[in-house]
Amino acid sequence: MITPEELATTNINMRYELSPMKNIIGDLSGLLGNFSDEFIGAFYPKNISKKANIVITELVNNAVVSSADGDSKIILEIMINKDFLRIRVTNAAKRAQYRKVRDHVNMINSTGDLRKLLAETIHERRKDRLRGGLGLIRLAAENKFTLSARYRAPYLVIDSHIGLGGLS
């Protein structure tokens, strides 16, 4: 019989590409997040599959909401093995959108105390009655993902990565 430790050495690579973006109706991010949670959870501990669900839901939702071209595509790539989990989401974006996301990711990555940044951001957004702006911070602060953003015109590519050592 295979042990949970042996299961958690399974290599999984999944890629979803959907187009055109304008045809996406309903909760695509939730659908992909929940499916990936169940699928990854068949091999890896639930705390790891749950993290995948959270990241996929956040990144795919951001991509669908902020896509710059309804005729373009969205790509979700998931890679997990015994060492790490990587989730990449690609969507059409204007260069200005990319710069805004890149600056936000750089600010997150350069912050020493992510929990403090999260608390301060929640306080400021509540005070000004603003919505949004917390998702990527939460991925880094609460879920320990490393984030990066790059631009491959006309696409914004967001990578999230977490080492699995000690999580299983």
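Where does K144 lie? In this predicted model, K144 lies in the loop that runs between α6 and β4, and its phi is positive, at about 65°, although K144 is not a glycine.

**Nonpolar core**

- The largest nonpolar core holds 42 residues, and L85 and I87 are the members that touch the most others; helix α3 (residues 46–66) supplies the largest share of this core, with seven residues.
- Leaving aside neighbours within four places in sequence, I87 is in contact with A52, V55, I56 and L59, with L76, E77 and I78, and with I158, D159 and S160.

**Helix α3**

- Helix α3 has 21 residues and reaches 30 Å from its first C-alpha to its last, which is close to the 30 Å expected at 1.5 Å a residue.
- The residues I48, S49, K51, A52, N53, V55, I56, L59, V60 and A63 of α3 are buried, and the buried residues of this helix pack against α2 (28–41), β2, β3 (84–92), α6 (135–141) and β5 (155–163).
- As background to such a pattern, an α-helix has 3.6 residues a turn, so residues three or four places apart point the same way.

**Pairing of α2 and α3**

- The axes of α2 and α3 come within 8 Å and cross at roughly 160°; because angles over 145 degrees count as roughly antiparallel, α2 and α3 are roughly antiparallel to each other.
- The crossing of α2 and α3 is right-handed.
- On the α2 side, the residues that meet α3 include L28, S29, L32, G33, S36, D37 and I40, while on the α3 side those that meet α2 include K46, S49, A52, N53, I56, V60 and V64.

- S36 lies in helix α2 and is buried, because its relative accessible area of 0% is under the 20% limit; not counting residues up to four places away in sequence, S36 touches M14, G41, I56 and I78.
- S160 is found in strand β5 and likewise counts as buried, at 0% relative accessibility.
- Beyond its neighbours within four places in sequence, S160 is in contact with V55 and L59, with L85, R86 and I87, and with F145, T146 and L147.
- M79 has its place in strand β2 (residues 74–80) and is partly exposed, because its relative accessible area of 25% falls between the 20% and 50% limits.
- Leaving aside neighbours within four places in sequence, M79 is in contact with I12, N13, F84, L85 and R86.
- M79 and H161 are 82 residues apart in sequence, whereas their C-alpha atoms are 9.5 Å apart in space.

**Cis peptide bonds in the loops**

- A cis peptide bond joins S19 and P20, with omega at about -10°, and P20 lies in the loop between β1 (12–18) and α2.
- The peptide bond from A153 to P154 is also cis, with omega near 0°, and P154 has its place in the loop between β4 (146–152) and β5.

Note on methods:
Residues numbered from 1 in each chain as written. Predicted model: local features only at pLDDT ≥ 70, side-chain atom pairs only at ≥ 80, totals over all residues. Heavy atoms only, no water. Helix = DSSP H or I, 4+ residues; strand = E, 2+ residues; numbered from the N terminus. Buried < 20%, exposed > 50% of the residue type's maximum accessible area, 1.4 Å probe, protein only. Contact = heavy atoms within 4.5 Å. Core = buried A, V, L, I, M, F, W, Y, C linked by side-chain atoms within 4.5 Å. Expected span 1.5 Å × (residues − 1). Axes fitted to C-alpha atoms, helices over the stretch in contact; angles between N-to-C directions. Parallel < 35°, antiparallel > 145°, perpendicular 65-115°, else oblique. Left-handed = near helix turned anticlockwise from the far one by under 90°.
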